[in-house]
Amino acid sequence: YRLEPVEKATPESLFERGWALTLLEGVLARLEEEYRREGKQAWMEAMRPALTSDRGALDYAEMAGKLGLTETAARVAVHRLRQRYQQLIRAEVASTVAGPEEIEAEMHHLFQALTNG
């Protein structure tokens, strides 16, 4: 029995992780919809891994080739995608708190729920 994994998750931490994942899924759906409305579905599909990958893990040359961009332009596009994703997360979190002074604490709580779960 000592070799069995120990479950450290509490019902509260599982709930909070579920909340955080649901929030991020909703934000991603909004971001994908924005790109679709702009006629940039292919861009979103090519750049989506940039939202969860380390910067060094991305093959910007391959991405640029898929999108018909220079590598520099692909890097700029990824930077803008990440910025917009962060803006949408912040806006979503802001809609869940009583006032602007609570946003940073709730953002911290969101990412803690993701990393501890």
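Contact here means that heavy atoms lie within 4.5 Å of each other, and the legends below refer throughout to a predicted model.

View 1. When residues up to four places away in sequence are left aside, E34 touches R84 and L88. Because its relative accessibility is 15%, and buried means under 20%, E34 counts as buried.

View 2. Of the contacts with a separation of 6 or more, 54% are accounted for by residues 24 or more positions apart.

**View 3. Overall dimensions of the C-alpha trace of the protein chain.** Along the principal axes, the trace spans about 50 × 45 × 20 Å. The radius of gyration of the protein chain is 18 Å, whereas a compact globule of 117 residues would have a value near 13 Å.

**View 4. Surface and charged side chains of the protein chain.** The accessible surface comes to about 8,200 Å², and carbon and sulfur atoms contribute 52% of this area, while 28% of the 117 residues count as buried. The protein chain carries 15 positive and 19 negative side chains, and the centres of these two sets lie 6 Å apart.

Technical notes:
Residues numbered from 1 in each chain as written. Predicted model: local features only at pLDDT ≥ 70, side-chain atom pairs only at ≥ 80, totals over all residues. Heavy atoms only, no water. Rg over C-alpha atoms; globule rule 2.2 N^0.38 Å. Buried < 20%, exposed > 50% of the residue type's maximum accessible area, 1.4 Å probe, protein only. Areas by Shrake-Rupley, 256 points an atom, 1.4 Å probe, with all protein chains shown as cover. Lys, Arg positive; Asp, Glu negative; His and termini not counted. Charge placed at Lys NZ, Arg CZ, Asp CG, Glu CD.
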